[in-house]
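The following note sets out numbered points on the structure shown here. They begin with a local detail and then widen to the chain as a whole.

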Amino acid sequence: GYAFTLPILITTIRDLYEGSEEATGQGLRNATGGIGNTVFPILAGVLVVFAWQLPFLLYGFALVIAGALYMKLEEPIDERSNTICLDDENEPEPRLGRSHVQYLSQIIKVGLRCHVAPILLARTLFSFMLFAFLTYISLIVTNVLNGTPTHAAALVSLWGVTYTGVSTQTGRITARWGYTIPLLILNAGLGTGLILVSIAPSISVTMIGTICIGIGIGIGGAIYRSLVSGFAPKSIRGGFVSLGELLGRAGASAAPLALGLAFSALEPNIGIVSSLQWVVGGTGALA
């Protein structure tokens, strides 16, 4: 369901809006993830007191929303090319009757362009950094800071609230500073945040690092999707956005495995605390 839904949402926003309005739309869509990460765990915690089955009924909201979209959302019809950073202006867009191989070759050709490939790589690493935080924050809190699971949950909630708020401001941010400066800020936020989380002597310092990560995720979740959705001609935009999300999921999937292997290699020699600090802090340095 996620694989079908998210690329279509991102593409639809790009089809319907442009400029700072499009960035705002991507930011608001990104912010709904923060709302979900904050609200639904609380609802689930309340419902599970009555019966363990009840939290699963929350997924039923998706069926209601799907019905509303089917009834109300019109297919976007926009004759504008609505693209950014497209080098080959004279290159004809592929015809509607193209084969799957032609379609994929067009997507790959756009993805290999010198100004596009680094953004796709950064998009992959962005998800890697995010899941490094989500995977290891509870272990850092309990093993390094001697905190409790409640402290870890509070930090994740703080992260969710921060990135929700920042995401809603993406349109204003890009309208004022463009894309390059926010890209630098978001990576600096991720890197600084992960390093602070790894070396923090207390929960309060970990909170500062978590806020930095929330700022990075709030900016990046919208800006990367705004950039990726604008790189391709409209005729292959949906497929190219899907490629961007595929790479993002690849980064998210690789993080727990790669960092787990690194932790397993370090832990016998330097102990669990130092291993956690090196793994998380080293990931921050990569950002």
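1. In this predicted model, W159 and Y163 share helix α6, which spans residues 149-167. The two positions are four residues apart, about one turn of the helix. Both W159 and Y163 are buried.

2. The chain holds four aromatic pairs. In one of them, W159 and Y163 are 4.9 Å apart from centre to centre, with 45° between the planes, and the pair is tilted. A pair of aromatic rings is described by the distance of the centres and the angle of the planes. Ring pairs also bring in F133, so that F133, W159 and Y163 are linked into a cluster.

3. Which residues does I217 touch, leaving aside those up to four places away in sequence? They are N30, F126, L130, W159, Y163 and L190. I217 thus contacts both W159 and Y163, the two partners of the tilted pair.

4. I217 also stands out in the largest nonpolar core, which has 46 residues: together with I213 and F240, I217 touches the most other members. Two or more residues of this core come from each of α4 (100-111), α5, α6, α8, α9 (203-231) and α10 (237-286). Helix α5 supplies the largest share, 14 residues. In soluble globular proteins, nonpolar side chains tend to be buried together.

5. S198 deserves a separate comment. This serine is placed in helix α8 (residues 180-199). Is S198 buried or exposed? S198 counts as buried because its relative accessible area is 1%, under the 20% limit. Its side chain reaches the backbone oxygen of I195 at 2.7 Å. Beyond four places in sequence, S198 touches I140, Q277, V280 and G281.

6. N146 is placed in the loop between α5 (117-144) and α6. Its phi is positive, about 55°, although N146 is not a glycine. With a relative accessible area of 65%, N146 is exposed, whereas S198 is buried.

7. R249, in helix α10, has a relative accessibility of 30% and therefore counts as partly exposed. R249 and S127 are separated by 122 residues in sequence, but their C-alpha atoms are 7.1 Å apart in space. Residues up to four places away in sequence being set aside, R249 touches S127 as well as Y2, F131 and R225.

8. As to the overall architecture, the protein chain has 10 helices and zero strands. Read along the sequence, the pattern is α-α-α-α-α-α-α-α-α-α. Among contacts with a separation of 6 or more, 79% join residues 24 or more positions apart.

9. The overall dimensions can be checked against a simple rule. For 287 residues, a compact globule would have a radius of gyration near 19 Å; the protein chain has 20 Å, so the value agrees with that expectation. Along the principal axes, the C-alpha atoms fill a box of roughly 60 × 45 × 40 Å.

10. Finally, burial and surface. Of the 287 residues, 41% count as buried. The accessible surface of the protein chain is about 15200 Å², and 70% of this area belongs to carbon and sulfur atoms.

Notes:
Residues numbered from 1 in each chain as written. Predicted model: local features only at pLDDT ≥ 70, side-chain atom pairs only at ≥ 80, totals over all residues. Heavy atoms only, no water. Buried < 20%, exposed > 50% of the residue type's maximum accessible area, 1.4 Å probe, protein only. Polar contact = N/O pair within 3.5 Å; in protein donor to acceptor, adjacent residues only side chain to side chain. Contact = heavy atoms within 4.5 Å. Phe/Tyr/Trp six-rings, centres within 6.5 Å; stacked < 30°, edge-to-face > 60°. Rg over C-alpha atoms; globule rule 2.2 N^0.38 Å. Areas by Shrake-Rupley, 256 points an atom, 1.4 Å probe, with all protein chains shown as cover. Core = buried A, V, L, I, M, F, W, Y, C linked by side-chain atoms within 4.5 Å.
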